[in-house]
Amino acid sequence: MTEARNRWEAVIGLETHVQLKTNSKIFTNASTTFGDDPNTHIDPVVCGLPGTLPVMNQTVLEYAVKAAMALNLKIAKHSKFDRKQYFYPDLPKNYQISQYDEPIAEEGWIEVEVAEKGKTTYLKKIGIERLHMEEDAGKLVHAGSDRLAGSTHSLVDYNRAGVALAEIVSKPDIRTGREAAEYASEIRRIMRYLEVSDGNMQEGSLRCDVNISVRQGPNAPFGTKVEIKNMNSFSAIQKACEYEIKRQINAYETNQSIVQETRLWDESKQLTKSMRSKEGASDYRYFPDPDLGPIEISDEQRELWRSELPELPCQKRHRYSEDLGLSQYDARVLTDEKSMADYFDAVIAEGTDPKIAANWITGDIAAYVNSNHLNYEKIPLKPIQLSEMIELIQSGKISGKIAKEILPELLKKGGSATALVEKRGLGMISDPEEIEKIILGILHSNPNEVEAFKAGKKKLQGFFIGQLMKATNGKADPKLANKILNEKLSS
Amino acid sequence: MTISKLREKLKRREISARELVEEYIQRISEVDPSINAFLKVTSEKALLEADQIDKSVASGNPLPPLAGVPIAIKDNLCTKGVRTTCSSRMLENFVPPYESTVTERLWSAGAVLLGKTNLDEFAMGSSTETSAFGATSNPWNPSKVPGGSSGGSAAAVASGECLAALGSDTGGSIRQPASFCGVVGLKPTYGRVSRWGLVAFASSLDQVGPFANCVADSAELLNVIAGHDPRDSTSLNVPVPDYCAELLKPLKGLRVGLISQCFDQKGLATNVKNSVLKAASQLEVLGAELIDISCPRFNDGIATYYVIAPSEASSNLARYDGVKYGFRSEGAENLAEMMAASRAGGFGSEVKRRILIGTYALSAGYVDAYYKKAQQVRTLIRRDFDNAFTQVDILLTPTAPTTAFQAGAHSNDPLAMYLSDLLTIPANLAGLPAISLPCGFDEGGMPIGLQLISNVLEEKRLLQVAYQYEQAADVMKDRPKGEFIL
């Protein structure tokens, strides 16, 4: 199989639907709140009652344009809405207001870092075809079956209908399941940095469909494309792609054919299964929506929105590794969530050494935040206070060991590390006379070890330091202690 | 009776709003069994509202502009809590939970809803014969059609069943019935009046407008219904002038264009042509200059319209599927069957015909040849008008090629029916305001309509010219006897 795998190349493209987190829906004031009772966030426009008209929510336009800018897409000066027509009860008007031939943005790219255990991490630029705005559909609940077929009747919930979506279509630049997962997770990261979407895959505010085919080498024509849906996590995206690549290669290697179809990822069985054939391509009868005027964005408006963009994850990663000298791994971990990166930035803004700050944040602090499901914006230990704690170590006032001891309380309650150290009497003993006195006492009580040391058993240095730390509860300044100990032992 | 006379009478307490409403309800009960202009008469509601007006009069409060004016509303305009059917089985029991912007404005201005009027199903037709609830008859001669699709509103005003009415005009649905019924019908500039609450037929063409007995009443009604509405993205955000302000201004120096393509029509009835040319001479007498104008694409309007309007309709009417509201066919075995059977049972044949035409015109492989081509021709038609308005201030044509035809005459010949909108359609395609007003009668005593078209947002001038002509010609003075005409 490995041999066969090497003869084939996978060609993968992603269609990502991102729910934009505006308070109201794209064409009406109904709320976008998720998870409430069915049909509680609807109004005559959402239900497509006769005589109702859509009016564009301007915040949706702002979010879509910002998202497009972050994906390096070219923003169209002029675009429009079209009607995509098909009959299905989750679509109240039996058409979806979308954008067809004049999307709000086209031709962009993102760079992702593809890191996999045991393999070299590499950067990959993935092209983006377009981003367009559209309205989400409602949800059907089929009674008596999880599918339409076999159910006794169906119920429809229009709470989701009309929620604003940005659909982002990648170019077929992706070659492995891992790349697909990294691409999707970078899209999510960017949307969360922009604060235009929650990117919550479980709640469906980020949904990815994969288009995938295989071919014999980079110059061969594309193979038959299969669409995969129903992946609820990035690892599911990766596994679904990997499964599908194997399935397709295996089919071709055994002289079977691949049919153009939509397949569903079955998470419990870890495989894809056929949902419906796409042979008779749907005719959506697109035409410009006459109820909505053209979308025009002035240069001033566009540049204003551009100026409001935050530093994006890839920019942060570059800055952390290039300018701050962090490892690629640390840069990746720190930038995964904007709140963590913001926290880190606030700490180093206090003048704290970036590498040391990174160690603390990606280590003990991340462990605490993750295990308690907290948010960096809300933990009591403020960045300036972490900076203060690190400064205590740097200036030799406490040891790293002591810092680890006081950190849990600081994380829980916040406050000044200096004050806490003082309160608990944990300050480092850095008075040479005091240390000398204790060392002399230790040497005095361990004459045999002193003899052995002087005879050449230099390893015993550790024994003496250990005794010292024991006597001082770890508070002796280790550098100073080593220096004094050497002086005493060599005299 | 006119709106201004009514206002005076109310002020001077010569009549109460209740008495007035009672008179109209009485008239409706007398003549409507023969005319069938109303699908529903909202007597109780009307009397309650009239009492409110009377209270206001009694307390000496200043009266709003349309205080007590009894108005009929075409049944494709949503009225909160009052059934709105579009003359279709599909919406036979549909009660809107909201009010259309135009009617909301009327009620705020003191107007009183008398009832909802008949139309061709979903406003698709030119005779009010495709209504699922029976045809409307022409009050001048009940064997003739009132025109359509706003035939109920036109007939109600003509027969004195209401003082004024609202209709909607997609390809002539206000002007053609106004012409057939001898009343004044105005289609404003596209976007001048909100479409919120107007059940969509062809969204890029639909526009609401008033029916009235005289031009001044039309201006008063437009004053109330015009204006920007944030709920309609196609509504124009430009100030509303006082449309009554310049009615009395003389026409001296006005340049009137006669579109040669209209007068060369072979389907144009001689009596209609002569009557309209006589009206043109009358304008000349009033100081206007007559100029022959060529609009080479004018006659392509009908072919263009019958691609664009059905295309939009096929989409707008997709929502009627029996799932959420409206007619649902019983006994279907599955979802697709239920939707198909509901649409098959809920729509009449003219609506189905247009849905089919529109679906075809938008289909992959045909959309370029039909829908997109039609949009291109639409642009050319608009350019013809742009060009014409560099030479003239107003255009003059007949409203319809003929006077009202016999009921049933075109029922089996949709093309012949479509041709009756030949002269009104171009104004919709170009988004221009246009008015139809009576300019004479044919040998059989049926009214003939004159159409005036102005440039966008020039309703003020349109109404001024119409008013000056109306006052000078006074064609109603020597009107023949109509069966249900007062």
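Trainee: Is B:Asn76 buried or exposed?
Mentor: In this predicted model, B:Asn76 sits in the loop between strand 2 (70-74) and helix 4 (101-108) of chain B. Its contacts beyond four places in sequence include B:Thr84, B:Leu119, B:Ser168 and B:Val199. The relative accessible area of B:Asn76 is 2%, and the cut-off for buried is under 20%, so B:Asn76 is buried.

Trainee: What is the area buried between chain B and chain A?
Mentor: The contact takes 37 residues from chain B and 29 residues from chain A. Carbon and sulfur atoms give 61% of the buried area, which is about 2600 Å².

Trainee: Which residue forms a salt bridge with A:Asp291?
Mentor: The count between the two chains is one salt bridge. In the salt bridge of A:Asp291, the closest N and O atoms are 3.0 Å apart, and the partner is B:Arg195.

Trainee: Which helix gives the most to the side of chain B that touches chain A?
Mentor: The elements giving two or more residues to that side are helix 10 (301-316) and helix 11 (335-346) of chain B. With four residues, the one that gives the most is helix 10.

How values were computed:
Residues are numbered from 1 along each chain as its sequence is written. Chains are lettered from A and ligands numbered from 1 in the order in which they are written. This is a predicted model: local features need pLDDT of at least 70, side-chain atom pairs count only at pLDDT 80 or more; totals for chains, interfaces and linings use all residues. Side-chain values use heavy atoms; hydrogens and water are left out. Buried means under 20% relative accessible area, exposed over 50%, partly exposed in between (1.4 Å probe, protein chains only). Contact means heavy atoms within 4.5 Å. Buried area is the accessible area (1.4 Å probe) that two parts lose on being put together, summed over both. A salt bridge is a side-chain nitrogen of Lys or Arg within 4 Å of a carboxyl oxygen of Asp or Glu.
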